[in-house]
Amino acid sequence: MLHHTISEIHNCFNKKNASPMLLLKKTLQRLDTLKDLNIFVTECREEALMSAKTSEQFFLQSETARKLEGLPIAVKDNFCVKGTKTSCGSKMLDNFIAPYNATVVEKTVNSGGIIIGKTNMDEFGMGSGTIDSHIGPTKNIWRSGIKYRLEDGFGKEVAACTERPDDGWLISGGSSGGSAVAVAAGAAVLSIGSDTGGSVRIPAAWCGVPSLKPSYGVLSRNGLVPLVNSLDVPGIMGRSIRDLDTYFRVLAGRDDHDSTSVDVMRKEDFEISKIKVGVPKEYVCEGMTKDVIECLSDVCELFERHCTLVSPTSLPNTDLAVPCYSILNPCEVASNMARYDGLEFGLRGFNESSTETLYANSRSIGFNDVVRGRILAGNYFLLRENYEECFLQALKVRRLIMQDFLKAWDSFDILLTPVTLSDAPSYSEYSKKDNRTQTSEQDHCTQPVNLAGLPALTVPIKLSSNSLPLSVQIIGPFGSDLKLLKLGKWLESRVNFPRLIVDE
């Protein structure tokens, strides 16, 4: 039951074969089993038990269950959950208790969802591996040493290596690694993450779960602790794309508390044989493994077998996305991190000999090297003598990247790309390079989407030669989120990606 989809779980509830309380108790037992993976910063056990009781009463008293009734849901630690610590994986906010719910959390709770905890993340969302949290890294469930089996859509066991690799545990991806592992390991039916340059899609791909990075503004950012306001979006992960569709419809919509939110929920019907698919050549890049390229080719062939037009195309400014992002990100980070001064909230330094000393001491203790480095870089780019040469030029490059996509929509309905350069790497391999280098390399296929504000869906396709998940990314025009989900359901039903089931 811990690996069932929404419809399967609600079917069990309706037939009285299970209850929200029983599901929650099994989920809490699963959290104990998964302790070594370090998925959660904060577990909300007591609050979850109270919510489960409410869901049970709702099932007894109402003929129509709410969309998320009784479902355990995990929330990334940079979303506010009222009365719960919201630390953003940082020592700076380790004592901050959120006074209100983020809009996406409020909508989740109002639809019957049960918040089981706040998931681990790279500090303030700066990273692609979930290894830079102040409570330590989150480990991938795949080949972790925790026993599991794989089943296809027909309940048949899939042969694959599940033993721990010789070079140690595998990276979960970041910065929403905790949210991805929670779903993959059966600790949550759905999860919320944030995506600034690939922070939902990369961990989803490496953990073998589908994810949606929505069009900018379609899901409210109210209550999401900001990293880069112009790029941040709440993203969602689930056990199937049908589940993502259900959750997206619950969360989407205009929010008066977020001036950047929009309402573009339009239904788009299509015939698969009439879809035009573009494959940008720039997304097959240096360092990409043979497994990833074959996975992309397999999906292209699948579309072609169903009479879909698949053609190569070019987004010529793709290689400028990472340098552009590497300027815009620190600039907004420097602005957003200025609020953490040790006075109003967050960690307060012990040296109070002067105001400046207190600021410096608080930020030196509260932030890790990655955060401090981005603050320094951002302030440098924003200096009067560098502003035009760095910041304004980066904005112009961002416009060029957006124009590449706009031109592509004249010829294609969607774009099909890889998500990552490889399957999930081991920690020993990943840690050979610093945070900035890893982010620049791993985000190659994901950062351009954020710069253009477009929706992107990741779909698990097959296992690599290392028995690890491989996914593809489907990118659509702004506001085509529902179309992507519908297309994703079609693709998911034909690839028969195996379901990971942790042994009880």
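This is a predicted model: local features need pLDDT of at least 70, side-chain atom pairs count only at pLDDT 80 or more; totals for chains, interfaces and linings use all residues.

Reader: OK, where does Asp256 lie?

Author: Asp256 is in the loop between α7 and β8 (276-280).

Reader: And is Asp256 exposed or buried?

Author: Asp256 is exposed, because its relative accessibility is 74%. The scale goes like this: buried is under 20% relative accessible area, exposed is over 50%, and partly exposed is in between (1.4 Å probe, protein chains only).

Reader: What about Ser176, buried or exposed?

Author: Ser176 counts as buried because its relative accessible area is 0%. You'll find Ser176 in the loop between β4 (148-151) and α5 (177-184).

Reader: Which side chain does the side chain of Ser176 make a polar contact with?

Author: That's the side chain of Lys76, at 2.9 Å. A polar contact is a pair of N or O atoms within 3.5 Å; within protein, one must be able to donate a hydrogen and the other to accept it, and residues adjacent in sequence count only if both atoms are side-chain atoms. Also, a polar atom of the Ser176 side chain lies 3.1 Å from the backbone oxygen of Ser194.

Reader: Which residues is Ser176 in contact with, leaving aside neighbours within four places in sequence?

Author: Among them are Lys76, Thr130, Ser194, Ser199 and Met237. Contact here means heavy atoms within 4.5 Å.

Reader: Now strands. How many residues of β5 are buried?

Author: 6 of the 6 residues of β5 (residues 190-195) are buried, so the strand is largely enclosed by the rest of the structure. In a regular strand the side chains alternate between the two faces of the sheet. In β5 both faces are covered: Leu190, Ile192 and Ser194 are buried on one side, and Ser191, Gly193 and Asp195 on the other.

Reader: What does β5 pair with?

Author: Strand β2 (residues 72-76) pairs with β5 in the parallel sense over 3 bridges, and there Ala74 has Ser191 as its bridge partner. Strand β7 (residues 233-238) runs antiparallel to β5, joined by 6 bridges, with Leu190 opposite Gly238. Two strands pair if DSSP finds at least two bridges between them.

Reader: New topic: how much space lies in the largest pocket?

Author: About 820 Å³. On a 1 Å grid over the protein atoms alone, a pocket is an open set of points with protein on both sides within 12 Å along at least five of seven lines, a cavity is a set of points where a 1.4 Å probe fits but cannot get out, and lining residues have an atom within 4 Å of a point. Grid points are joined across faces, edges and corners, and a volume is the space filled by probe spheres set on the points.

Reader: What lines the largest pocket?

Author: There are 33 lining residues, and Arg239, Ser240, Glu492, Phe497 and Arg499 lie nearest the centre. α16 gives the largest share of that lining, 4 residues. The lining splits into 14 nonpolar, 10 polar and 9 charged residues. By that count, Ala, Val, Leu, Ile, Met, Phe, Trp, Tyr, Cys and Pro are nonpolar, Asp, Glu, Lys and Arg are charged, and the others, Gly among them, are polar.

Reader: And how many cavities of 30 Å³ or more are there?

Author: The structure holds 3 of them. The largest cavity has about 70 Å³ of space. Its lining has 13 residues, with Gly125, Gly127, Ser199, Tyr325 and Asp443 nearest the centre.

Key. Residues are numbered from 1 along each chain as its sequence is written. Side-chain values use heavy atoms; hydrogens and water are left out. Helices (H or I, at least four residues) and strands (E, at least two) are DSSP runs, numbered from the N terminus.
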